[in-house]
Amino acid sequence: MNCEPFTVNAPSPDRPGESCGVFGIIGPDIDAARMTYFGLFALQHRGQESAGIAVSDGRDITVYKDLGLVAQVFNEPTLAGLPGDLAVGHTRYSTTGSNRWENSQPVFRHFGNNAIALAHNGNLTNTSDLLARLGPLTATTDSELMTEAIAREMENAELTLEDSLATILPTFEGAFTLTVMDQTTLIGVRDPRGFRPLCLGTLGDGWVLASETAALDILGATFVREIAPGEMVVIDHQGIHSQFPFADTHQQLCIFEFVYFARPDSKLLGETVHSTRQEMGRLLARQAPIDADITVPVPESGIPAAQGFAEVSGIPYTDGLVKNRYVGRTFIQPAQEMRERGVRMKLNAMAGIIGGQRVVLVDDSIVRGSTTRQLVGMMREAGATEVHLRISSPPYRWACYYGMDTGDRSTLLASDHTVDEIAAILGVDSIAYLELDSLIRATGAPTNVFCTACLSGDYPTSVPDVGGKFLLESSP
Ligand code: 5GP
Ligand code: MG
């Protein structure tokens, strides 16, 4: 691979290590690559930038990966060229638009008679420390850094993949949900906080690991359980066992998985995500009632919250925006004239429905605010007499260091504006955000199992504030 050295104190043009989809499968007579393809297809929403599969036939690992959607990267001939009954897969996400082939995963390393492939969801927060400890490495991302560290340990200390991971994993800090393999073993890991999800299922006599339960459903696999924070589950053709290599574990699942990221049909912490989003909408309607004529969701992420909002407020739920289902399937840049019309590529308002109405527009979150501002403008153009914005999560004020690639603080609309200022910037008649305790209540989970850093500024681990790739912005 054509990699640049991983240098400290040189902010990268892109942010490596994003919230992604990871998958793994092992089982007798399983067409592992084909099953991984369908698993990744179900995890497409977690990353649209690149897709990849590593497969082992027991002797050799073969990797195929490229930029693009799962369905663009793979076809029958490429899958036919990936024989084996053990595989890991990855879909990679980035909102900041970095699209370099080198950053696609699984990451692969070959040394001696060994080979490993690794798929990562999350961000490490101690890459500088790791580099200081490990010495010069050829790696452009934290995922490659992890892979090299694991490979070195295997090579130098002549350890198995499992023993190498048990030694090396405790040196990593931050968010790392991993599916890793060598020629014969599949290993799933969640960091000790469990920032990102990972679940386990069975398929016949085989085993499946996936970021979300929806990927088990698509394969007809049976959900067994979530991998615990700090758990390393080791599966080979002989069986399955777990290790807990970290000294201290405490669940801090990313709350944004419930707000936005996970598929509505996935289950997290035992709850169907869709139901929790409806409950967010119900609580929002109680918290911030408004007199209006129609409740309009911003598809698709705002739909369940809008349903809940309409149910409690009695303001009829009405489709007022249509989403182009095929958005994300083109890599052709819009012409400049079109770019000005930006969001209309994705969403278009129906004047016949919006015209003359007092609209409550419901969405799950505002990050940069650019989409929302255009949507509000579109509502006005379509003839809305009032536009009231209701957001089913608190203001997104703080940068994420654990795998949401939402940009640094300066790009976040709420980082340096009050809610009233935000209303003025967006041009709405009123705005309300769901309060954090209500959001947590809607998930049905206890308060202390979440990372809420992006909403509260309470970072569960230390985050880098100088140098490295994940600079805290100097503007507070
Ligand atoms: P904004 O107004 O901040 O430009 O966009 C708000 C929209 O972004 C919301 O509809 C929300 O669902 C969506 N959103 C929230 N987080 C993310 C993310 O990480 N990636 C992408 N692509 N969209 C997001
Ligand atoms: Mg959305």
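Predicted model: local features only at pLDDT ≥ 70, side-chain atom pairs only at ≥ 80, totals over all residues.
Guide: Local features here need pLDDT of at least 70 and side-chain atom pairs pLDDT 80 or more, while totals for chains, interfaces and linings use all residues. Residues are numbered from 1 along each chain, chains are lettered from A and ligands numbered from 1 as written, and side-chain values use heavy atoms, without hydrogens and water.

Visitor: What makes T127 of α4 part of the contact with α5?

Guide: Contact means heavy atoms within 4.5 Å. T127, L130, L131 and L134 of α4 make the contact with D142, L145, A149 and R152 of α5. The axes of α4 (residues 127-134) and α5 (residues 142-156) come within 11 Å and cross at roughly 35 degrees; such axes are lines fitted to C-alpha atoms over the stretch in contact, with angles from 0 to 180 degrees between N-to-C directions. Helices are DSSP runs of H or I with at least four residues, and strands are E runs of at least two, numbered from the N terminus.

Visitor: Is the crossing of α4 and α5 left-handed or right-handed?

Guide: α4 passes α5 in a left-handed crossing. The term applies when the near helix is turned anticlockwise from the far one by less than a right angle; clockwise would be right-handed.

Visitor: Which residues are closest to ligand 1?

Guide: Y93, D363, D364, V367 and T372 are the closest of the 17 residues that surround ligand 1. A residue counts as near if one of its heavy atoms lies within 4 Å. α13 (370-381) and α8 (255-261) each give two or more residues to the shell, and α13 gives the most, with three.

Visitor: What makes the approach of T372 to ligand 1 a polar contact?

Guide: A polar contact is a pair of N or O atoms within 3.5 Å. A polar side-chain atom of T372 lies 2.5 Å from an oxygen atom of ligand 1, so the pair qualifies. For S301 the distance to an oxygen atom of ligand 1 is 2.8 Å, and for Y260 the distance to a ligand nitrogen atom is 2.9 Å.

Visitor: Why does D29 stand out?

Guide: Most residues other than glycine have a negative phi, and most peptide bonds are trans. D29 is not a glycine, yet its phi is positive, about 60 degrees. D29 sits in the loop between β1 (21-26) and α1 (32-42).

Visitor: Which peptide bond ending at P106 is cis?

Guide: The bond from Q105 to P106 is cis, with omega near 5 degrees. P299 and E300 are also joined by a cis bond, with omega about -10 degrees.

Methods:
Polar contact = N/O pair within 3.5 Å; in protein donor to acceptor, adjacent residues only side chain to side chain.
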